[in-house]
Amino acid sequence: MIKNVTQADFEQEVLQAEGPVLVDFWAAWCGPCRMVAPVLEEVDQELGDSLKIAKVNVDEEGELAQKYGIMSIPTLMLFKGGRVVETTVGFQPKKELIARIQPHL
Amino acid sequence: MDTVYDVLIVGGGPAGLTAGLYAGRAMLQAAIVEARGPGGQVVLTHEIENYPGFSEPISGALLAANMVDQANRFGVDMYYSPVESLNLQGKIKEVVTEQGKFRAKTVIIATGVNPKMLGVPGEKEFIGRGVSYCATCDGAFFRDRDVAVVGGGDTAVKEALFLTRFARRVWLIHRRDSLRAEQIQQKRLLENTKITPLWNKVVAEIRGDTRVTGLRLQDVQSGEESHLAVQGVFVFVGRQPGGPLAGSGIALDEEGYIITDEDMCTNIPGVYAVGDVRRKRWRQIVTAVNDGCIAALSAAEYIEENFGKDEDDD
């Protein structure tokens, strides 16, 4: 499941989530972010319910981007139990991304 | 995959997409295999001002998206999967990807180039924490900050100008005392009061705590060292050829670029190279699309000569 998340529901959707949540910090003007989107869809299909994917638009959610120190997009952060357990910056092929996520499922 | 494609294009930037467009229009069965998403480096460019036919600047992402749509309109299959190896010696060539093996009568290599890193201490550690290779992606995170751009070519100058939209001050660090960029861009840069060039300097180290706080610079003539306080550093110090070319049997030059003739033929019959990955003097979008067209037409001719017009060999 891929869901857009905002400041209002970040706590509930990401920090309080039961399982791991992959958060994609992105923006419309960022070319490589567009390249990441289809990869995330494939990851979502492959990992199914074991992983939740949340998208945070850094243009609209500047506070969240600042809170997590985002200085480069796309940044993907894997949250588990309210904490960041993995961070990747820039485009990641599906295979590598899944390899980074798998140990935390 | 059972299909034997007429033309298999490795790489979906402007050169590869144009090859696909022309192959599709030649009624050849063509596919593009792209490691990431379509568009190549163009996607990273905020505005393109030198692509003929667009009198107003067009965004790189939009230009790339249009090229993809145009290729799709002529029936080109698109796959997204990194290529692992190339088996090009046989009459039917194989391209091995994460998704599986593709077979084709001809292969057009359009893998482009990847940005070079500086290779100094601190660089890898601070990627995403102040070190960036994409101003359009990350410029907005440096609003009212001081940033450095490293390099003196077209990309460095263009991106330095772009960063002035956000940054308070932009330092351009270049190891020579003059720029290699397009004259019009050089003029814009030198007239921009937010940009200060630092000539004959190289970055020796990127410093920081949790994020970048500054650079240790070295003067190439005197060897003298200095510290420059910046919160961001954007690296544009050149590029290197992309794709798994080593071991493929394709003849490369000393820098790793593919050597072709003017019909885009490599040393292997039925294998072509186009765009930035090819050894050539000028790497521009227009020169990339030029290559793509020529390679597709050369491939069409090769297929006709070597496989016959009406042979059904799927």
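What covers the buried residues of H1(A)? I started there, in a predicted model with chains A and B. The cover includes strand S1 (2-4), strand S2 (21-26), S3, H3 and S4 of chain A. The buried residues of helix H1 (residues 7-15) are A:Asp9, A:Phe10, A:Glu13, A:Val14 and A:Leu15. I noted that A:Asp9 and A:Glu13 are on that buried list too.

**Confidence in chain A**

I checked pLDDT before going further. Chain A has a mean of 93, and 100% of its residues reach 70 or more. Helix H2 (residues 31-47) is where confidence in chain A is lowest, at a mean of 90. Strand S3 (residues 52-57) is where it is highest, at 97.

**H2 against H4, chain A**

Next I looked at how H2(A) packs with helix H4 (residues 94-101) of chain A. Their axes are 10 Å apart, and the angle is about 50°. The crossing of H2(A) past H4(A) is right-handed.

Which residues meet here? From H2(A) I listed A:Val39, A:Leu40, A:Glu42, A:Val43, A:Glu46 and A:Leu47. From H4(A) come A:Lys94, A:Leu97, A:Ile98 and A:Ile101. By class, I get seven nonpolar, no polar and three charged residues in this contact.

**H1 against H2, chain B**

Then I took a helix pair in the other chain. Helix H1 (residues 14-25) of chain B and helix H2 (residues 60-73) of chain B have axes that come within 8 Å and cross at roughly 25°. That angle makes H1(B) roughly parallel to H2(B), since the cut-off is under 35 degrees. H1(B) passes H2(B) in a left-handed crossing.

On the H1(B) side I found B:Pro14, B:Leu17 and B:Leu21. They meet B:Ala64, B:Met67, B:Val68, B:Gln70 and B:Ala71 in H2(B). The class count for H1(B) with H2(B) is seven nonpolar, one polar and no charged residues. I noted a general point beside the residue list: an α-helix has 3.6 residues a turn, so residues three or four places apart point the same way.

Is B:Val43 buried or exposed? I have it as buried, because its relative accessible area is 8% and the cut-off is under 20%. B:Val43 sits in the loop between strand S2 (30-34) and H2 of chain B. Leaving out residues up to four places away in sequence, I found B:Val43 touching A:Gly31, A:Pro32 and A:Met35 from chain A. In chain B, it touches B:Pro38, B:Gly60, B:Ala61 and B:Ala64.

From B:Val43 I went on to B:Ala65, 22 residues apart along the chain, with 8.8 Å between the C-alpha atoms. B:Ala65 lies in helix H2 of chain B. At 33% relative accessibility, I wrote B:Ala65 down as partly exposed. I also took B:Ala65 to B:Pro244, which are 179 residues apart in sequence and 25 Å apart in space, C-alpha to C-alpha.

A:Pro74 is in the loop between helix H3 (62-67) and strand S4 (75-80) of chain A. I noted the background as well: most residues other than glycine have a negative phi, and most peptide bonds are trans.

I logged two positive phi values in chain B. For B:Met264, phi is about 75°, although this residue is not a glycine. B:Met264 is in the loop between strand S16 (239-241) and strand S17 (271-273). At 2% relative accessibility, B:Met264 counts as buried.

For B:Asp144, also not a glycine, phi is near 60°. The loop of B:Asp144 runs between helix H3 (135-138) and strand S9 (146-150) of chain B. B:Asp144 is exposed, because its relative accessible area of 59% is over 50%.

**B:Arg168, last entry**

B:Asp144 came up again when I listed what B:Arg168 touches. The list, without residues up to four places away in sequence, is B:Asp144, B:Arg145, B:Asp146 and B:Lys194. B:Arg168 is in the loop between helix H4 (154-163) and strand S10 (169-173) of chain B. I have B:Arg168 as exposed, with a relative accessible area of 54%. One more distance: B:Arg168 and B:Tyr257 are 89 residues apart along the chain, with their C-alpha atoms separated by 38 Å.

Definitions and conventions: Residues are numbered from 1 along each chain as its sequence is written. Chains are lettered from A and ligands numbered from 1 in the order in which they are written. This is a predicted model: local features need pLDDT of at least 70, side-chain atom pairs count only at pLDDT 80 or more; totals for chains, interfaces and linings use all residues. Side-chain values use heavy atoms; hydrogens and water are left out. Helices (H or I, at least four residues) and strands (E, at least two) are DSSP runs, numbered from the N terminus. Buried means under 20% relative accessible area, exposed over 50%, partly exposed in between (1.4 Å probe, protein chains only). pLDDT is the predictor's confidence in each residue, from 0 to 100. Axes are lines fitted to C-alpha atoms, for helices over the stretch in contact, and angles run from 0 to 180 degrees between N-to-C directions. Angles under 35 degrees count as roughly parallel, over 145 as roughly antiparallel, 65 to 115 as roughly perpendicular and the rest as oblique. A crossing is left-handed if the near helix is turned anticlockwise from the far one by less than a right angle, and right-handed if clockwise. Contact means heavy atoms within 4.5 Å. Ala, Val, Leu, Ile, Met, Phe, Trp, Tyr, Cys and Pro count as nonpolar, Asp, Glu, Lys and Arg as charged, and the others, Gly among them, as polar.
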